[in-house]
Amino acid sequence: MAGEKILIADDSAQIRMMVRGALEECGYRIVEAVDGADALQTAIDEQPDLILLDLTIPELHGFEVLQLLNRHP
């Protein structure tokens, strides 16, 4: 399981840093996004195994990101 890629999408740098630290200690590779548009593009580009998505991020809300990802192959 370790070594899988996780996308952390949150506009709070503190939350991203805290979650990143905990997950990297477990061996996960982390990519980050700071808003909905960034999360969408990063998810498409990086193809993470898991996305931790804040639903109230700027640009595109989390639910909008989910809807757009569901349409993307």
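Visitor: Which residues of α2 meet α3?
Guide: In this predicted model, Gly36, Ala39, Leu40, Ala43 and Ile44 of α2 meet Val65, Leu68 and Leu69 of α3.

Visitor: And how do the residues of that contact divide into nonpolar, polar and charged?
Guide: The contact of α2 with α3 comprises 7 nonpolar residues, 1 polar residue and no charged ones. Gly counts as polar under the classes used.

Visitor: What about the geometry: at what angle do the axes of α2 and α3 cross?
Guide: The two axes cross at roughly 25 degrees and come within 9 Å. Angles under 35 degrees count as roughly parallel, and α2 and α3 are therefore roughly parallel to each other.

Visitor: Is the crossing of α2 and α3 left-handed or right-handed?
Guide: The crossing in which α2 passes α3 is right-handed.

Visitor: Let us take Leu69. Where is it found, and what does it touch?
Guide: Leu69 is found in helix α3. Setting aside residues up to four places away in sequence, Leu69 touches Leu40, Ala43, Ile44 and Ile51.

Visitor: How far apart are Leu69 and Ala39 in space, C-alpha to C-alpha?
Guide: Their C-alpha atoms are 9.9 Å apart, while the two residues are 30 residues apart in sequence.

Visitor: Why does Leu69 count as partly exposed?
Guide: Its relative accessible area is 21%. Buried would require under 20% and exposed over 50%, so a value in between counts as partly exposed.

Visitor: Changing topic to the backbone: which residue has a positive phi of about 50 degrees although it is not a glycine?
Guide: That residue is Gln47, found in the loop between α2 (36-46) and β3 (50-53). Most residues other than glycine have a negative phi.

Visitor: And what is the phi of Glu59?
Guide: Glu59, also not a glycine, has a positive phi of about 75 degrees. Glu59 lies in the loop between β3 and α3 (62-71).

Visitor: Does Glu59 count as buried or exposed?
Guide: Glu59 counts as exposed because its relative accessibility is 63%, and the threshold for exposed is over 50%.

Visitor: Which glycine with a positive phi follows α1?
Guide: α1 is followed by Gly27, with a positive phi near 95 degrees.

Terms used:
Residues are numbered from 1 along each chain as its sequence is written. This is a predicted model: local features need pLDDT of at least 70, side-chain atom pairs count only at pLDDT 80 or more; totals for chains, interfaces and linings use all residues. Side-chain values use heavy atoms; hydrogens and water are left out. Helices (H or I, at least four residues) and strands (E, at least two) are DSSP runs, numbered from the N terminus. Buried means under 20% relative accessible area, exposed over 50%, partly exposed in between (1.4 Å probe, protein chains only). Axes are lines fitted to C-alpha atoms, for helices over the stretch in contact, and angles run from 0 to 180 degrees between N-to-C directions. Angles under 35 degrees count as roughly parallel, over 145 as roughly antiparallel, 65 to 115 as roughly perpendicular and the rest as oblique. A crossing is left-handed if the near helix is turned anticlockwise from the far one by less than a right angle, and right-handed if clockwise. Contact means heavy atoms within 4.5 Å.
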